[in-house]
Structures are given as C-alpha cells and as structure tokens.
Amino acid sequence: MDRKYIDSVSDHYRPRPHELIHIDCASHTYPDGSIGIHDLCFRVHENEIIAVCGANGSGKSTLLEHLNGLLLPSKGNINVMGQRIDSRTKKDLWKNVGIVFQRSDDQLFAPTVLDDVMFGPLNLGMNRGEAWDAAMKALRVLGAEELINKIPNYLSGGQKRLVSIAGILAMKPKIIALDEPTSDLDPKHAEIIEKVICELKEKHGISVVLATHDLDLAARIADRICIVKKGSVIAEGRPSEIFYNTKLLEMPD
Ligand SMILES: Nc1ncnc2c1ncn2[C@@H]1O[C@H](COP(=O)(O)OP(=O)(O)OP(=O)(O)O)[C@@H](O)[C@H]1O
C-alpha cells in the first residue's frame, strides 16, 4: 500500500475508541474497468464524526458505498462490528449502517413523506405501529414532522434532505454515512443539517461519516478528517493536524 503521504502524526498515542467498521480495500473496480478506490484502509469508531474530503472523482462516494456493503471490494475485506461482510452477509449490515445519498431523489419514492420514512423500518421487520413510532421519532429529531402528509417529489431540496436522513434514522442505525449532505442547500438549511449531524453523535451516539467538499464544515464538526486522492486515503487526522499541514494543502490534485 502506498502510504507515503499519510500523516505520521496521526492519532496512535490517543486512547482508541471501539472500532465499528474496518475497510481494507486493495481495489474496487467498476464493471467498465474504472478503479473507484484502491489500497485504501478506513476505520469508523464509536461516537465519532469523520469527514471524507477530496476532489471530484477522488473516490468519496465509492468509499461511502462500501460502508454498508452496497459495494464490496473487488479485492479486500470489510469488517463491521466483528462480522466479515460478503455478498451473503451484506444484508445484515443494512440495519446498522445507513447511507443518505447525494441526490435525495434517489432515495425518496413513496406517495407520502410518512410512507417513505416508514419504508425502511417496515423492511427491517418492524410492525406498522413500531414503524410509525420510529418514523415519527426520526422526523421529530429532524424538526420535519409537519411534512408527514406531503408528497416527497414536491418538497424543497432542503426538506428532501431532511426526509432522506429521517428515513435512515428511523431504522435506528449505529452509523450513518451522508454523501454531500449540505450541497445545494441555502445557509439556513445547511445550518440545520450541520446541527443534526452533531446531535446524531452527541445525543444519539451515532457515528457519522460525511463526504464533503465543504472544508469549513469539516473543520467545524469532524473529529477526524480523511483526505482521499485518486482512490486512496493520503492523509488522516484531527482537523488541526490536517488543515495546518501546509505541505499537504499545497499538493496538486
Ligand atoms: N458506476 C460507476 N461506473 C464506472 N465508474 C465509476 C462509477 N462510479 C464512480 N466511478 C468512477 O470511480 C471514480 C471515483 O468516483 P466517485 O464517485 O467515488 O468520486 P467522488 O469523490 O465521490 O466524486 P464527486 O465529488 O464528484 O461526487 C471516478 O473515476 C469515477 O469516474
């Protein structure tokens, strides 16, 4: 693995929180031969916010989709809470790891917001009463309960984002991955999403992995930043370690 750029000041001297996900991906190659990620090692610990940052096409979304087994390494392993994930076991992951996609339209399809948010819990085997409770609780956490009877298609971009997050939260996952959660949002909605991400960790003990181009957001809320370049993690550490590393910031794309 080419780790020559990895920041050696990383956090080996800090107490290690419990590891939830460990991805060791020698490569993920798409059917057309494009390499999405390679030589990449990525860990998610209990109760942390990780920001994955990098240029367009650097592999952020590909990495996120490995977190819940939506994609599997062509060569390599994923371990989630001690279980090795393969095509047979990946379904077990879906209740523990939820992904909110970059385009909310990819996720919303039911006739009403409530149906949409209840879909995941019902799919996990909750009865209608339990699914209703889980959906309403998730919508309340996001301050979006007044949207329950709306048609998802007609929501604003910010509302769609909130409902997409609610749909994942209602499944009570331990980890949530958010792909570009604040892109296309006005400052007010971006601020709501930022607050929600912090609360997911602080009040609900959920670990959050976000892929973002917004370095200010990453610096404000992440416990750890991973910089991805051309499919590999080239540096990781606390925001202060990453953003004061001028050598790293001056590296060309
Ligand atoms: N379905 C696919 N088929 C073929 N190649 C793909 C596919 N999805 C992604 N890729 C390729 O994999 C590489 C990584 O793409 P990825 O979408 O993970 O990057 P990203 O960092 O999320 O980009 P962006 O910031 O633009 O969303 C790119 O070269 C991309 O062209």
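**The core, the sheet and the ligand shell**

I begin with the core. The largest nonpolar core holds 67 residues, and those touching the most other members are Val52, Val117, Ala166, Ile175 and Val209. Helix H5, residues 157–169, gives the most to this core, with 6 residues. Please keep in mind throughout that this is a predicted model.

Is Ile99 buried or exposed? Ile99 counts as buried because 22 C-beta neighbours lie inside 10 Å, and the threshold for a buried residue is 20 or more. Not counting residues up to four places away in sequence, Ile99 touches Leu64, Glu65, Leu67, Asn68, Leu70 and Ala177. Ile99 and Val208 are 109 residues apart along the chain, and their C-alpha atoms are separated by 9.9 Å.

I turn now to the protein as a whole. Its secondary structure comes to 9 helices and 10 strands. Along the principal axes, the C-alpha atoms fill a box of roughly 55 × 40 × 40 Å. How does the radius of gyration fit with a compact globule, and what value would 253 residues lead us to expect? A compact globule of 253 residues would have a radius of gyration near 18 Å, and the protein has 18 Å, so the two agree. Buried residues make up 41% of the 253 residues. Among contacts between residues at least 6 apart in sequence, 67% join residues at least 24 apart.

Next, the sheet. As a general point, strands of a sheet pair through backbone hydrogen bonds, either parallel or antiparallel. Here an open sheet of 4 strands has the order E2-E1-E4-E5, and its pairing is antiparallel. The edge strands are E2 and strand E5, residues 83–84, each of which pairs on one side only. Strand E1, residues 19–29, pairs with strand E4, residues 75–80, in the antiparallel sense over 6 bridges. Within E4, Ile78 stands opposite Ile23.

Two loop residues also deserve attention. Asn47 is found in the loop between strand E2, residues 35–45, and strand E3, residues 49–53. Its phi is near 55°, a positive value in a residue other than glycine. Asn47 counts as partly exposed because it has 16 C-beta neighbours inside 10 Å. Lys172 lies in the loop between H5 and strand E7, residues 175–179. Phi of Lys172 is likewise near 55°, again positive in a residue other than glycine. With 18 other C-beta atoms within 10 Å, Lys172 is therefore partly exposed.

I close with the ligand. What surrounds the ligand? The residues are Tyr30, Asp32, Ser34, Gly36, Gly54, Asn56, Gly57, Ser58, Gly59, Lys60, Ser61 and Thr62. By class, this shell divides into 1 nonpolar, 9 polar and 2 charged residues. Helix H1, residues 60–67, gives the most to the shell, with 3 residues.

Definitions and conventions: Residues numbered from 1 in each chain as written. Predicted model: local features only at pLDDT ≥ 70, side-chain atom pairs only at ≥ 80, totals over all residues. Near = placed C-beta within 6 Å. Nonpolar A, V, L, I, M, F, W, Y, C, P; charged D, E, K, R; others polar. Buried ≥ 20, exposed ≤ 12 C-beta atoms within 10 Å, placed from the backbone. Contact = placed C-beta atoms within 7 Å. Core = buried A, V, L, I, M, F, W, Y, C linked by C-beta atoms within 7 Å. Rg over C-alpha atoms; globule rule 2.2 N^0.38 Å. Pairing = 2+ DSSP bridges.
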